[in-house]
Amino acid sequence: MAYSFSFNSVDMSAYGLRLRTHEEPFEQTTDSIQLLDLAYGLASLRPGKTITADVVIYAADFATLRSYLDSIKSALNQREDCALAIDSITDRYWLARFVSMTKNQNTARAWEGTITFIANDPAAYANSETNNNHTIT
């Protein structure tokens, strides 16, 4: 794969999509209870992770570009969490859901924009299993 991503096992580089940058912020929230003269912090939790991909889609002509965009929209239109794997991060993936695809600029042979996903489980999953069998003697 070129510098791109795959979603639900569909390689987006096959549709001319190239990933420029991506953001995967790390957040944690802590609620608190405020009493008259004292506050108590509750357990911290990690909200869903919003993954934003700045992309460009190249094609030979406008008809091919429209075809690529239709294919990408069809692949992203999933109603459940799917594996989101970014080419530059080879050892993990996220279970994510497509949120939006917004256009920044459009020419006859290129589409530039942002694709946003939400990973309700902010942890990444490993691509391979690790065996942790230990023999204690």
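**Getting to know Pro-47 and its chain**

Mentor: Let's start at Pro-47, which sits in the loop between strand 5 (39-45) and strand 6 (49-58). Keep in mind that this is a predicted model.

Trainee: Okay! Does Pro-47 count as buried, partly exposed or exposed, and why?

Mentor: Pro-47 counts as partly exposed, because its relative accessibility is 25%, and that class lies between the under 20% of buried and the over 50% of exposed.

Trainee: Which residues does Pro-47 touch, not counting those up to four places away in sequence?

Mentor: Pro-47 touches Glu-27, Gln-28, Thr-29 and Pro-122.

Trainee: And what separates the C-alpha atoms of Pro-47 and Ser-100?

Mentor: Those C-alpha atoms are 19 Å apart, with the two residues 53 apart along the chain.

Trainee: Let's zoom out. How many helices and strands does the protein chain have?

Mentor: There is 1 helix, along with 10 strands. Starting from the N terminus, the order is β-β-β-β-β-β-α-β-β-β-β.

Trainee: What about its radius of gyration?

Mentor: The protein chain has 20 Å, whereas a compact globule of 137 residues would come out near 14 Å. Its C-alpha atoms fill a box of roughly 65 × 55 × 25 Å along the principal axes.

Trainee: How much of the chain counts as buried?

Mentor: 28% of the 137 residues do. The accessible surface is about 8,800 Å², and carbon and sulfur atoms account for 48% of that.

Trainee: Last topic, charges. How many positive and negative side chains are there?

Mentor: The protein chain has 11 positive and 16 negative ones, and the centres of the two sets are 9 Å apart.

Notes: Residues numbered from 1 in each chain as written. Predicted model: local features only at pLDDT ≥ 70, side-chain atom pairs only at ≥ 80, totals over all residues. Heavy atoms only, no water. Helix = DSSP H or I, 4+ residues; strand = E, 2+ residues; numbered from the N terminus. Rg over C-alpha atoms; globule rule 2.2 N^0.38 Å. Buried < 20%, exposed > 50% of the residue type's maximum accessible area, 1.4 Å probe, protein only. Areas by Shrake-Rupley, 256 points an atom, 1.4 Å probe, with all protein chains shown as cover. Lys, Arg positive; Asp, Glu negative; His and termini not counted. Charge placed at Lys NZ, Arg CZ, Asp CG, Glu CD. Contact = heavy atoms within 4.5 Å.
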